[in-house]
Amino acid sequence: MPDEKKKTPLLDELEKGPWPSFVKDIKAAAETQPMAEDLLGQLELSYKDKISHWKHGGIVGVMGYGGGVIGRYSDVPEQFPNVSHFHTMRVNMPSGWFYTSDVLRKICDIWEKHGSGLFNFHGSTGDIILLGTKTDELEPTFSELTHLGFDLGGSGSVMRTPSACVGKARCEWACYDTMGMCNEITHTYQDELHRPPFPYKFKFKFSGCPNDCVASIARADLSIIGTWKDDIQQDDAAVAQYAADGVDIQKDVCDHCPTKCMSWDGKQLKINNRECVRCMHCINVLPKALRPGKEKGATVLIGAKAPILQGAQLSSVLIPFVPADEILDTLKELVSRIWDFWGEYGNNRERVGELIQRMGMATFLDAIGLDPVPEMVSAPRDNPYIFFRKEDEVPEPEEGAGEPKQK
Amino acid sequence: MATQTERLTDIGPPDFHQFLHPLIKKNYGQWKYHETLAPGVLCHVAESGDRIYTVRCGWPRLVSLHRVRFIAELADKYCGGYLRFTSRNNVEFLLDNPENIEPLKKDLAAAGFPVGGTNNSISNIVHTQGWVHCHSSATDASGIVKSVMDVLCDRFTHENLPAKLRIALACCLNMCGAVHCSDIAILGIHRRPPRVMHDTLNKVCEIPNVIASCPTGAIRSATYEGKPSVEVIEEQCMFCANCYTVCPAMPLNDPENDGLSIWVGGKVSNARSEPRFSKLAIPFIPNNPPRWPEVVDAVVNIVDVYARNARKYERVGEWIDRIGWPRFFELTGIPFTRYHIDDFRYAGLTFARSTHIRF
Ligand code: SF4
Ligand code: SF4
Ligand code: SF4
Ligand code: SF4
């Protein structure tokens, strides 16, 4: 029978080919970890049956936390007893996903002792995923992790683990310190991360420039995307060098500028910075010659989400520009107001972007005390169905107030 | 110092500074420009003149501790133990000595790690859990990703596309990976309404919550053999599985009706055109494990047609902007069906409202 269990003809097919194989990894882990062996068996069964063999999650976790562990139970536990429970722990990664070999090895040692020996590096939100262990192992694993300096990430209706692009650590385009900001925000809101206070999840993602390497605009309830306010820094000698080296400045750079605010006469590149929308194209193509301006900061956008429930949304502009050294205070002030409003009016499982759709952006701005600015829209409304407020209405003259003044 | 028995909570993630290469610490925020030395090999130059070299390789998102220990060993051997991961499941070794680049690449090649994923290549596919660890998955994730990347591996190790190309996979509409803004998105979908488990529903779920969970109002209360339960108005169901997320007694999974859909032309970067959603290319492909050949062929076909036809710097969506959707369907040979025309909320936004038609 044990031999029978080891036969995985379908998964074996996935050991072939040039791309590194996760099946090889599960097999390698299975050498020492019985959970990995049964995971392999159950996955083979899924490949045969074309269906998941996991039951709907259950509530498990570590003491005092309302998230960070995804409960998982097999629907074929008799066949694969070692994964009868197979809970995943989300471990909050360091900002920018930087590690030393030493700390990675220590994480491996913990997981070899307490779990399946399998990981996701990393999960979709950015956490290190410790893939599968038994209920009894959760507390001991948590204890060892915290003593190594790691904590759990978020799951459920919490502030989810924030993430950041590499930013100032290794990117010349970072307009603010994404990793520092991510670390700071994560530490500030540990309670919101570990104990579900919200109607649904809330995500922060920090990108250092409009290239948006962490997909902040597509995925974060609050997207903080670096930008600059003054002129693109331009090194004419370096532009000329690119041209001499064969870059077609007109075709490769100017022609792709979305606002056509650049011109090239064969010698001099001119940028009309008032019309530049900070798209990054020219800077991406000519990194030695062009750089973001010196007056750096970020645009704050709100409301992105995947389709569940009412349809997908991209984030939209909330604050066009916050100077780099004011971002942290601005965010703290802003989220406390956003979370208050959402906590009061949000329905169960309603993301903040959906709440704004339902109640109207103007109502939302009133509630959080922000003035409307034209940068918030791609165009003003084109329908005349305007909800004028009562206080904007000219009241009927009061009884006995006399005739309206005549000229 | 905390003792091993003291219970620590809410300590948050470790401070990243302790994991930074000394050169990165020294030049933090002082980078001047970067160059690509080869696919997967970058050199960042600081104002100080210091140079940090990055070697990027792809790996499966699902890894064993053996593989993690192996890259830790390589990092020790070549770069003082300093490494990082990208948002797309790539590993980056951070080197101060350029002479270590080639030996590192050799070791990586010998161990089967492809080096690349930079600039105009296909970077690693971001993906979700699938049958490995999720109950609501309409398909597996790791297996399809492996099968697609096996065929597209050369496009990872070479920068020979018109622009960068980002592929993502999510195994259900929950889209843990938020794949909806990718050049090519592979999305698991269900196609049959939830089977209501009348015996248990009342015991395991709050009926009002189940009814409220449905975005289309397709669930209403019902009585089944005297017990309170719910029923689904099947014509109103678009298989989002939201009810199943809220209530285990509403499973949708089905071997023959679950499968994949393919979406194209999304992007998150603001470069040139604005960020945008991916649009439907193929509404349904059945599950065909272990290698999903139909999905692989569909993705490779779109990549090849794009590579042949797009101009330099055009992302997939920007290429389609220029040539138009009719030509996209013609060039790829993908049939256009009734399912391609939106009929959900704001559907009209994607109708063609002009006579701008390319013939
Ligand atoms: S988002 Fe911008 S600053 Fe951040 S890593 Fe990407 S290119 Fe660099
Ligand atoms: S950043 Fe974009 S909009 Fe601005 S000048 Fe460059 S290409 Fe044009
Ligand atoms: S996308 Fe859906 S099926 Fe896949 S891991 Fe996320 S919730 Fe599970
Ligand atoms: S799958 Fe979605 S649309 Fe269908 S009944 Fe459930 S919640 Fe409603």
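A residue counts as buried when its relative accessible area is under 20%. The model discussed here is predicted. Because its relative accessibility is 7%, Cys205(B) falls in the buried class. The table lists this value with those of other cysteines of chain B.

| Residue | Relative accessibility | Class |
|---|---|---|
| Cys205(B) | 7% | buried |
| Cys247(B) | 0% | buried |
| Cys57(B) | 0% | buried |
| Cys171(B) | 6% | buried |

**Disulfide**

A disulfide is a covalent bond between the sulfur atoms of two cysteines. Over all chains, the count is 1 disulfide. Cys205(B) is joined to Cys247(B), with 2.0 Å between the sulfur atoms. The pair connects distant parts of the chain, 42 residues apart: Cys205(B) lies in the loop between α5 (198-204) and α6 (207-213) of chain B, and Cys247(B) in the loop between α7 (242-246) and β11 (259-264) of chain B. The link of Cys205(B) and Cys247(B) is right-handed, with 80° about the S-S bond.

**Ligand surroundings**

Cys171(B), which is buried, belongs to the residues around ligand 3, including also Cys134(B), Cys172(B) and Cys176(B). The shell around ligand 3 comprises 5 nonpolar, 5 polar and no charged residues.

Around ligand 1 are residues of chain A, among them Cys165(A), Cys171(A), Cys209(A), Cys213(A) and Asp212(A). By class, the shell around ligand 1 holds 7 nonpolar, 2 polar and 1 charged residues.

Terms used: Residues numbered from 1 in each chain as written. Chains lettered and ligands numbered in written order. Predicted model: local features only at pLDDT ≥ 70, side-chain atom pairs only at ≥ 80, totals over all residues. Heavy atoms only, no water. Near = heavy atom within 4 Å. Nonpolar A, V, L, I, M, F, W, Y, C, P; charged D, E, K, R; others polar. Disulfide = S-S within 2.5 Å. Helix = DSSP H or I, 4+ residues; strand = E, 2+ residues; numbered from the N terminus. Buried < 20%, exposed > 50% of the residue type's maximum accessible area, 1.4 Å probe, protein only.
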